[in-house]
Amino acid sequence: MKLILLGPPGAGKGTQCKRIVDRYGMTHLSSGDILRGERAAGSDLGHRAQAYMDSGALVPDDLIIEMMIGAMKKAGGGYVLDGFPRTVVQGEALDAALSRAGERIDGIVNLVIDDGIIVQRMTGRRSCPKCGAVYHIENLKPKVDNICDTDGEPLVQRKDDQPEVVANRLKTYHEQTAPVLGYYERTGQKIMTIDAAQAPEEVTAAVFAELDALSDQVG
Ligand code: ADP
Ligand code: AMP
């Protein structure tokens, strides 16, 4: 299956993508994770993306489109896109690239949640600098406080999860990313709407119920 996970920052896209790829065996393509990897590697793209990311703005479309189309080609088979597309221009470019390759997106999982909950999720998010695992100081705690369950590394807070940047990211989301849903409604894509304010396991159960039905249809 080829999927898109839509939703505001902090909705739980990365958390649910991890569970989706474990169950359905596809590749997780997170634009945010790829950009953070480019920054850690000190690449030209990483340097160019840095100031946008740290202020809560979007990285320019042309850089992101090239990066993500390249990642999709490399992934080959099924994948779930997380954090891309984030503008209508990116959605159009994705559709054009897919149609050139004779491919299509099978479905869009849309995580719906209020801003108030998102602020609590983003400001409480902690991640492992080594393996990228994501936790929350209250909602999804590691077994030992502030230590990654997998590799024992101390957890860190993303710079763009500080309260002042979170406010800017939400503004950016409403102005530039929310219209992507309307774009997919207009183009007649299959959209699966999920209440992302539920507990993690309940969100996962709702997502799996939709995707089990979808995979029966698309094979
Ligand atoms: P996104 O990838 O959409 O930015 P994440 O998956 O990183 O979001 O989740 C944001 C934060 O919220 C993380 O700290 C995560 O542990 C926590 N979280 C994710 N899903 C839920 C949920 N259903 N209920 C409570 N907290 C959640
Ligand atoms: P995320 O990890 O998805 O929250 O993304 C972190 C940051 O990376 C965002 O705030 C943007 O600055 C940048 N970013 C990630 N994906 C995109 C995208 N599709 N378009 C533009 N910028 C992006």
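What follows is a short tour of a predicted model, stop by stop.

**Stop 1**

Start by selecting strand S3, residues 79-82. Which strands pair with it? S1, residues 2-6, pairs with S3 in the parallel sense over 4 bridges. Strand S2, residues 27-30, also pairs with S3 in the parallel sense, over 4 bridges. To see how they line up, show two pairs of residues: Ile 4 stands opposite Leu 81 in S3, and His 28 stands opposite Val 80 in S3.

Are they covered or open? Both are covered. Tyr 79 and Leu 81 sit on one side, with Val 80 and Asp 82 on the other, and all of these are buried.

**Stop 2**

Keep Leu 81 selected and bring up what it touches. Leaving aside neighbours within four places in sequence, Leu 81 is in contact with Leu 3, Ile 4, Leu 5, Leu 29, Met 68, Met 72, Leu 94 and Ile 105.

Next, zoom out to the largest nonpolar core, which has 27 residues. Which members touch the most others? Pick out Ile 4, Met 72, Leu 81, Leu 94 and Tyr 184. Colour the elements that give two or more residues to this core: strands S1 and S3, plus helices H3 (44-55), H4, H5 (88-100) and H8 (179-186). H4 gives the most, with 8 residues. Apart from this core lies another one, of 25 residues; Met 192, Ile 194, Val 207 and Leu 211 are among them.

**Stop 3: two helices crossing**

Select helix H2, residues 31-41, together with helix H4, residues 61-75. Their axes come within 11 Å and cross at roughly 105°, so H2 is roughly perpendicular to H4. What meets what here? On the H2 side, show Ser 31, Ile 34 and Leu 35; on the H4 side, show Ile 64, Met 67, Met 68 and Ala 71. Sorted by type, the residues of this contact are 6 nonpolar and 1 polar, with no charged ones.

While you're on H2, click Gly 37, which is found in that helix. With a relative accessible area of 37%, Gly 37 is partly exposed.

**Stop 4: a residue in a loop**

Jump to Gln 189, in the loop between H8 and strand S7 (191-195). Is it buried or exposed? Its relative accessibility is 17%, so Gln 189 counts as buried, the cut-off being under 20%. Beyond its neighbours within four places in sequence, Gln 189 is in contact with Asp 95, Ile 105, Ile 108 and Tyr 184.

**Stop 5**

Most peptide bonds are trans, and most residues other than glycine have a negative phi. Keep that in mind for the last two selections.

First, go to Pro 85, in the loop between S3 and H5. The peptide bond from Phe 84 to Pro 85 is cis, with omega near 0°.

Then find Asn 146, in the loop between strand S6 (134-136) and helix H7 (163-177). Asn 146 isn't a glycine, yet it has a positive phi of about 65°. At 37% relative accessibility, Asn 146 counts as partly exposed.

Definitions and conventions:
Residues numbered from 1 in each chain as written. Chains lettered and ligands numbered in written order. Predicted model: local features only at pLDDT ≥ 70, side-chain atom pairs only at ≥ 80, totals over all residues. Heavy atoms only, no water. Axes fitted to C-alpha atoms, helices over the stretch in contact; angles between N-to-C directions. Parallel < 35°, antiparallel > 145°, perpendicular 65-115°, else oblique. Contact = heavy atoms within 4.5 Å. Nonpolar A, V, L, I, M, F, W, Y, C, P; charged D, E, K, R; others polar. Core = buried A, V, L, I, M, F, W, Y, C linked by side-chain atoms within 4.5 Å. Buried < 20%, exposed > 50% of the residue type's maximum accessible area, 1.4 Å probe, protein only. Pairing = 2+ DSSP bridges.
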